[in-house]
Amino acid sequence: QVQLVESGGGLVQAGGSLRLSCAASGRTFSTSAVGWFRQAPGKEREIVASISWSGSTTYYANSSKGRFTISRVNAKNTVYLQMNSLKPEDTAVYYCAARREATTSTRESEYTYWGQGTQVTVSS
C-alpha cells in the first residue's frame with residue numbers, strides 16, 4: 001500500500017515558478033514509477049510527466065516539455081515537479097500517482113495509488 005500527499009501548489013503570476021512535492025509512505029514506493037497528472041475545470045485529467053523507479057527514465061507531455069522537470073529522491077520517498085515559465089493554461093489541480101510497476105506509463109488506468117491533489121493557479 002502506498003499513500004501519497006502532494007504539496008507546493010498555490011497562486012503564481014504567468015512566467016513564475018512552483019515546485020510541487022509528492023511525499024509517499026509505503027515500503028514499495030522506491031520501486032514504483034510515479035506520474036504527475038493535472039485536471040483543469042471542465043477538462044479530462046491528463047498526464048504531465050512521469051518518472052521510473054530509478055529516475056533514469058522520464059516522460060514529458062508536449063505541454064510541459066522544456067518547462068517542467070520531474071525528479072525523485074527515493075531516500076526521502078519524494079517525487080518533485082519543478083514548473084517554470086508557468087502559463088495561465090497550466091491552471092489545474094495537480095495529482096501525483098504511483099504504479100505498482102517500476103517503469104513509466106502515460107495511461108492513467110495503469111496508476112494504482114493517487115494523492116488528493118494540489119491546486120495550481122496561474123494568473124495572467
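C22 has V79 as its bridge partner in β8. That contact belongs to a predicted model. C22 also forms a disulfide with C96. The chain holds 0 helices and 11 strands.

**Sheet around β3 and β8**

- The open sheet has 4 strands in the order β1-β3-β8-β7, paired antiparallel.
- The edges are β1 (3-7) and β7 (68-73). Each has a single partner strand, so one side of each lacks a neighbour in the sheet.
- Neighbouring strands here are turned by 15° against each other on average, direction ignored.
- β3 pairs with strand β8 (residues 78-83) in the antiparallel sense, over 6 bridges.
- T69 stands opposite Q82 of β8.
- β7 and β8 form a hairpin with 4 residues between them. N77 lies in the turn and has a positive phi of about 50°.
- Of the 6 residues of β8, 5 are buried, so the strand is largely enclosed by the rest of the structure.
- In a regular strand, side chains alternate between the two faces of the sheet.

**Disulfide**

- The count comes to 1 disulfide.
- C22 and C96 form this link, with their sulfur atoms 2.1 Å apart.
- The link of C22 and C96 is right-handed, with 60° about the S-S bond.
- It joins distant parts of the chain: C22 sits in strand β3 (residues 18-25) and C96 in strand β9, 74 residues apart.
- C22 has a relative accessible area of 0%, so it is buried.
- C96 also counts as buried, because its relative accessibility is 0%.

**Aromatic cluster**

- The whole structure contains 4 aromatic pairs.
- F37 and Y111 make an edge-to-face pair, 5.1 Å centre to centre, with 80° between the planes.
- F37 lies in strand β4 (residues 34-39), whereas Y111 lies in the loop between β9 (92-98) and β10 (113-114). The pair therefore ties together parts that are 74 residues apart in sequence.
- F37 and Y111 are buried.
- Y111 also meets W114: the ring centres are 6.4 Å apart and the planes stand at 65°, so this pair is edge-to-face.
- W114 has a relative accessible area of 26%, so it is partly exposed.
- Ring pairs link F37, Y95, Y111 and W114 into a cluster.

**A charge over the rings**

- Which rings does R45 sit over? One is Y95: R45 lies over its face, at 4.9 Å from the ring centre.
- Another is W114: the charged end of R45 sits over its ring, 4.0 Å from the centre.
- Y95 and W114 both belong to the ring-pair cluster, along with F37 and Y111.

**Whole chain**

- Read along the sequence, the pattern is β-β-β-β-β-β-β-β-β-β-β.
- The chain has a radius of gyration of 13 Å. A compact globule of 124 residues would come near 14 Å, so the chain agrees with that expectation.
- The C-alpha atoms fill a box of roughly 40 × 25 × 25 Å, taken along the principal axes.
- Buried residues make up 44% of the 124 residues.

**A position in β2**

- V12 lies in strand β2 (residues 10-13).
- V12 counts as buried because its relative accessibility is 14%, and the cut-off for buried is under 20%.
- The C-alpha atoms of V12 and Y94 are separated by 14 Å. Along the chain, V12 and Y94 are 82 residues apart.

Technical notes: Residues numbered from 1 in each chain as written. Predicted model: local features only at pLDDT ≥ 70, side-chain atom pairs only at ≥ 80, totals over all residues. Heavy atoms only, no water. Phe/Tyr/Trp six-rings, centres within 6.5 Å; stacked < 30°, edge-to-face > 60°. Helix = DSSP H or I, 4+ residues; strand = E, 2+ residues; numbered from the N terminus. Buried < 20%, exposed > 50% of the residue type's maximum accessible area, 1.4 Å probe, protein only. Lys NZ or Arg CZ within 6 Å of the ring centre and 35° of its normal. Disulfide = S-S within 2.5 Å. Pairing = 2+ DSSP bridges. Axes fitted to C-alpha atoms, helices over the stretch in contact; angles between N-to-C directions. Rg over C-alpha atoms; globule rule 2.2 N^0.38 Å.
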